[in-house]
Amino acid sequence: MNGMISTTRRLRTLVSGLSSDAHMWNLVYLQLLLEERGHQVSNLGSTTPDAEILRACRTERPDLLVISSVNGHGRLDGLRLIRALRAVPALRGLPVVIGGKLGIDGRDHAGAAAAHLTAAGYDAVFDDAAEGGPDAGLLRFETFLADLADPAGGRSGTRRAAGPGAAA
Ligand code: B12
């Protein structure tokens, strides 16, 4: 025993795709990842309208909203969603992240897009293009989760870190 007390908590998370995006295995993957780390998941599925995501956030009061998009429209759909969500006073403090294949152009634009999404209200952005593939983003996401579940744990402090190329 070293006298340290673990304060890690089980997060209640909402996982969702965005309105234009029909892909679903990305959502299943994230659900399994979160559940394997001990967190509770409510999965809203693919092609979910913004209004449905906002309704679920208001009624389920999650600790974290995880948005995933891979069809290339995530930068636009994700921007629209976060603006609507942050306009709701009760949801201004809700931690929200977005990740996946958020655009259809290259790495440079991906960095700028991550900065844009963070400025609009995301706590973190994990864009495969900006990260050079999904693995680095998933690793950063795991650190983000660990920080949120145990803020006293003293990891890297990734909250409000947009990702490569983005203004923190
Ligand atoms: C299966 C598939 C489909 C199926 C989906 C069926 C279904 N119900 O899911 C169908 C045929 C419907 C489809 C349609 C389209 N698709 Co599609 N599809 C694929 C495919 C082959 C596999 C996707 C998959 O299931 N992957 C497995 C999951 C587990 O992994 P993933 O989605 O890659 O997600 C990973 C990462 O992105 C990351 N991640 C994702 N979200 C998040 C969130 C967070 C927070 C974090 C940290 C990480 C993270 O982690 C995941 C695990 O590594 C990919 C190509 C490929 N080989 O990957 C194309 C692909 C995703 N599709 C693509 C496109 C363009 C389309 C269409 C627009 C094609 C068209 N012109 O109609 C449409 C869009 C339809 C729509 N309305 O959304 C492109 C997207 C390009 C881009 N964004 O740069 C891809 C990459 C193909 C390509 N190389 O061009 N597709």
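Residues are numbered from 1 along each chain as its sequence is written. Because the model is predicted, local features need a pLDDT of at least 70 and side-chain atom pairs count only at pLDDT 80 or more, whereas totals for chains, interfaces and linings use all residues. The pLDDT is the predictor's confidence in each residue, on a scale from 0 to 100. For the protein chain the mean pLDDT is 89, and 87% of the residues reach 70 or more. Over residues 157-168 the pLDDT is below 50, although this stretch has 41 contacts in the model beyond near neighbours in sequence. Two residues are in contact if their C-beta atoms, placed from the backbone, lie within 7 Å. Where pLDDT is low, the predicted coordinates should not be read in detail.

The protein chain contains six helices and five strands. Helices (H or I, at least four residues) and strands (E, at least two) are DSSP runs, numbered from the N terminus. Along the sequence these elements follow the pattern β-α-β-α-β-α-β-α-β-α-α. Of the 168 residues in the protein chain, 41% are buried. A residue is termed buried if 20 or more other C-beta atoms lie within 10 Å of its own, exposed if 12 or fewer do, and partly exposed in between, with C-beta atoms placed from the backbone. Among contacts in the protein chain with a separation of 6 or more, 72% join residues 24 or more positions apart.

Two helix pairs were examined. Their axes are lines fitted to C-alpha atoms, for helices over the stretch in contact, and angles run from 0 to 180 degrees between N-to-C directions. Helix H3 (residues 74-86) packs with helix H4 (residues 107-120) at an angle of about 15°, the axes being 9 Å apart. H3 is therefore roughly parallel to H4, since angles under 35 degrees count as roughly parallel, over 145 as roughly antiparallel, 65 to 115 as roughly perpendicular and the rest as oblique. The crossing of H3 and H4 is left-handed. A crossing has this hand if the near helix is turned anticlockwise from the far one by less than a right angle, and is right-handed if clockwise. H3 contributes Arg-75, Gly-78, Leu-79, Ile-82 and Arg-83 to the contact, and H4 contributes Ala-113, Leu-117 and Ala-120. By class, these residues comprise five nonpolar, one polar and two charged. In this classification Ala, Val, Leu, Ile, Met, Phe, Trp, Tyr, Cys and Pro count as nonpolar, Asp, Glu, Lys and Arg as charged, and the others, Gly among them, as polar.

H3 also packs with H2: the axes of H2 and H3 come within 10 Å and cross at roughly 40°. The two helices are therefore oblique to each other, and their crossing is right-handed. The contact is formed by Asp-50, Ile-53, Leu-54 and Cys-57 of H2 together with Arg-80, Leu-81, Ala-84 and Leu-85 of H3. Six of the residues in the contact of H2 with H3 are nonpolar, none is polar and two are charged.

Individual residues were then considered. Leu-14 lies in strand S1 (residues 12-16) and is buried, with 22 other C-beta atoms within 10 Å. Apart from neighbours within four places in sequence, the contacts of Leu-14 include Ser-42, Leu-44, Cys-57 and Glu-60. The C-alpha atoms of Leu-14 and Gln-40 are 8.4 Å apart, while the two residues are 26 residues apart in sequence.

Glu-60 belongs to helix H2 and is partly exposed, with 13 other C-beta atoms within 10 Å. With neighbours within four places in sequence left aside, Glu-60 is in contact with Leu-14 and Ser-42. Between Glu-60 and Arg-12, 48 residues apart along the chain, the C-alpha separation is 8.8 Å.

Two residues other than glycine show a positive phi. Thr-47, with phi about 45°, lies in the loop between strand S2 (40-43) and helix H2 (50-60) and is partly exposed, with 16 other C-beta atoms within 10 Å. Arg-61, with phi near 45°, is placed in the loop between H2 and strand S3 (64-69) and is exposed, with 12 other C-beta atoms within 10 Å.

Asp-123, in the loop between H4 and strand S5 (124-127), is buried, with 20 other C-beta atoms within 10 Å. Asp-123 and Phe-144 are 21 residues apart along the chain, and their C-alpha atoms are separated by 9.5 Å.
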